[in-house]
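Trainee: I would like to take a close look at a single part of this structure, please. Pick one residue and walk me through its surroundings.

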Amino acid sequence: MAEGSWVLRPRPNSAARVRLFAFPYAGGGGSAFRTWASDLPPDVELCAVQMPGRESRWKEPPYTRMDALVPALHDGLLPYLDRPYAFFGHSLGALT
């Protein structure tokens, strides 16, 4: 994953009909969902969201305000919104 990338795709699937964006719990990273890809139907692509300040993005400052995070997150996810999608989040990951 390139620095600054918002999305981890453990099993990229260009034929997927749906993308599932999974938001980790507070303080967690996208790797929390690494095992999910093998359990999803073949037409669903897992896109684990990787927040700044976490895991491979640890050198980037984390966001502390939702009003600053949302526009940046939108720009980061936009290239992946070319097909139907769903969001999953739990704990504080459900707030994003």
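Mentor: Happy to! Arg19 is buried, with a relative accessible area of 5% (buried means under 20%, exposed over 50% and partly exposed in between, for a 1.4 Å probe and protein chains only). Keep in mind that this is a predicted model, where local features need pLDDT of at least 70 and side-chain atom pairs count only at pLDDT 80 or more, while totals for chains, interfaces and linings use all residues. Residues are numbered from 1 along each chain as its sequence is written, and side-chain values use heavy atoms, with hydrogens and water left out.

Let's start with the strand. Arg19 sits in S2, a strand covering residues 18-23 in which five of the six residues are buried. Strands here are DSSP runs of E with at least two residues, helices are runs of H or I with at least four, and both are numbered from the N terminus. S2 has a parallel neighbour in S3 (residues 44-49), joined to it by five bridges, and another in S4 (residues 85-89), again parallel and again with five bridges. Arg19 takes part on both sides: its bridge partner in S3 is Glu45, and in S4 it is Tyr85. Further along, Phe23 stands opposite Gly89 in S4.

Now step back to the sheet, where two strands pair if DSSP finds at least two bridges between them. The sheet is open and has four strands in the order S1-S3-S2-S4, with mixed pairing. S1 and S4 stand at the edges with a single partner strand each, so one side of each is left without a neighbour in the sheet. Helix H1 (residues 66-77) packs on this sheet and touches S1, S2, S3 and S4. The direction of H1 makes about 145° with that of S2; axes are lines fitted to C-alpha atoms, for helices over the stretch in contact, and angles run from 0 to 180 degrees between N-to-C directions.

Back to Arg19 and its contacts (heavy atoms within 4.5 Å). Leaving aside neighbours within four places in sequence, Arg19 touches Arg9, Glu45, Cys47, Tyr80, Leu81, Asp82, Arg83, Pro84, Tyr85 and Ala86. Asn13, in the loop between S1 (7-8) and S2, touches Pro42, Glu45 and Arg83, not counting residues up to four places away.

Charge comes next. A salt bridge is a side-chain nitrogen of Lys or Arg within 4 Å of a carboxyl oxygen of Asp or Glu, and the structure holds seven of them. In one of these, Asp82 pairs with Arg19, the closest N and O atoms being 2.5 Å apart. Asp82 lies in the loop between H1 and S4 and Arg19 in strand S2, so the pair ties together parts that are 63 residues apart in sequence. Salt bridges with shared partners join Arg9, Arg19, Glu45, Asp82 and Arg83 into one network.
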